[in-house]
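Dear colleague,

I am handing over to you the structure that we spoke about, with the sequence beside it. Please open it before reading on, and keep it in view while you go through my notes.

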Amino acid sequence: MSPTLTDANPFVADPADGLAALESRRSTAETFGIPLAVLAELTHRCPLQCPYCSNPIELDRAGTELSTEEWKKVLSELAEIGVLQIHFSGGEPTARKDIVELVQHASDVGLYSNLITSAVMLTREKLAALADAGLCHVQISFQGNEPVVADRVAGFKNAHAKKLEVAKWTRELELPLTVNAVMHRQNLHQLPDIIQMAVDLDADRLEVANVQYYGWALKNRAALMPTLEQIEETSRIVEEAQTRLKGTLAIDYVVPDYYALRPKKCMGGWGRQFFNISPAGKILPCHAAESITGLEFLSVRSNHSIAWIWQNSEAFNRYRGTGWMPEPCKSCEFREVDFGGCRCQAFALTGDAGNTDPACTLSPHHERIFKAASDEAAGEHNRFIYRNFAGGTPETESAT
């Protein structure tokens, strides 16, 4: 069901005046164009059980996934409307038997393709086939710099060794490589060694990505949240490495929202620079957007084009721009810098996606939530709640 139209919706001045509302929406939507990059979540299937997983709590099942022909139609349409980059993700995208065919089709229609992978299901032959099909870039997630910590976080035996192997194959096949290191309280002490690991693997880029707390990660916040002292030390290490390794390794750094003064411009702003396509074909402003109840997200299987959905759908227009904002966002000098922060986080932590992102120090919810997170960071809770993919219910790790 679509959300109720209220004064918070910038596209409806008078709910009784449908024509005026439509014209207002059209004039606003036409200013946004089409994003240059799209995230294609081919499947939610994944052999890993990372406790920080950002996929929805309710995963799309294999039987609901878009078919090969449906994905190829989507890729062609994306190229036709001006998208330049396609990022194949999941779950684990290589769980799809048609991954080589989809990469080949992306190449055929002129899309730059990036594979975002855990790497544990890849063989050298499959990676070589992907390269031959035109794959342009590989991004591998790492959970640490050695197997004891890394495999525990991944919930998968021998995952770390396989990732190192695939990273080496990637460079042997002359594909660009990004190391994505998801950081949290239980592995931040390994950051200097992770940086060196990225150098040793001849990676082009390292993403030091502190966990963002929504989706499954929110269930594990007490076990993952770093202390302020850890974040300060992390910032120092990253700054030193960025200077020392300039020209050798590009390092991107994502600070946890809870420790920032202002919220980040989530995905470039809701419905402004990015969209995501779920395994079942729903078009989303971000990969976590389905967590917001009350919004109806249209599918590529509907009778609307992707371009129409991007420009005209209620879900995309709901939090676009600044007209929807409450105070203090509405009069904030940064309202067109961060666009109110993350709507999914606002919903997860306050129950209302229209509230100011609690990551912002100006939010009336900030102090309470920061206090709770700080208490968790200082605690001794270290056990993870993993997904149990077979049964669809959460499973807590055994004591070690």
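This is a predicted model: local features need pLDDT of at least 70, side-chain atom pairs count only at pLDDT 80 or more; totals for chains, interfaces and linings use all residues.

The annotated cysteines

The UniProt record, which is an unreviewed entry, places the feature "binding site" at Cys46, Cys50 and Cys53. In the model, Cys46, Cys50 and Cys53 from this set belong to the lining of the largest pocket.

Cysteine 50 is found in the loop between strand S1, residues 37-41, and helix H2, residues 68-80, and cysteine 53 is likewise placed in the loop between S1 and H2. Are these two cysteines buried or exposed? Cysteine 50 has a relative accessible area of 12%, and because the cut-off for buried is under 20%, it counts as buried. Cysteine 53, with a relative accessible area of 16%, is buried as well.

Nine strands make up an open sheet with mixed pairing, and their order is S7-S6-S5-S4-S3-S2-S1-S8-S9. At the edges are strand S7, residues 250-254, and strand S9, residues 283-284, each of which pairs on one side only.

Within this sheet, strand S4, residues 137-142, and strand S5, residues 177-183, run parallel and are joined by five bridges. Phenylalanine 142 has alanine 181, in S5, as its bridge partner.

Helix H3, which covers residues 99-108, lies across strand S2, residues 85-89, and strand S3, residues 112-117, and runs at about 170° to S2.

Glutamine 196

Glutamine 196 lies in helix H7, residues 191-200, where it is partly exposed, with a relative accessible area of 38%. Its side chain is joined to that of aspartate 200 by a polar contact of 2.8 Å. Along the chain, glutamine 196 and asparagine 145 are 51 residues apart, while their C-alpha atoms are separated by 9.1 Å.

With kind regards

Conventions
Residues are numbered from 1 along each chain as its sequence is written. Side-chain values use heavy atoms; hydrogens and water are left out. UniProt positions are given in the numbering used here, feature names are shortened, and annotations may be inferred rather than shown by experiment. On a 1 Å grid over the protein atoms alone, a cavity is a set of points where a 1.4 Å probe fits but cannot get out, and a pocket is an open set with protein on both sides within 12 Å along at least five of seven lines; lining residues have an atom within 4 Å of a point. Helices (H or I, at least four residues) and strands (E, at least two) are DSSP runs, numbered from the N terminus. Buried means under 20% relative accessible area, exposed over 50%, partly exposed in between (1.4 Å probe, protein chains only). A polar contact is a pair of N or O atoms within 3.5 Å; within protein, one must be able to donate a hydrogen and the other to accept it, and residues adjacent in sequence count only if both atoms are side-chain atoms. Two strands pair if DSSP finds at least two bridges between them. Contact means heavy atoms within 4.5 Å. Axes are lines fitted to C-alpha atoms, for helices over the stretch in contact, and angles run from 0 to 180 degrees between N-to-C directions.
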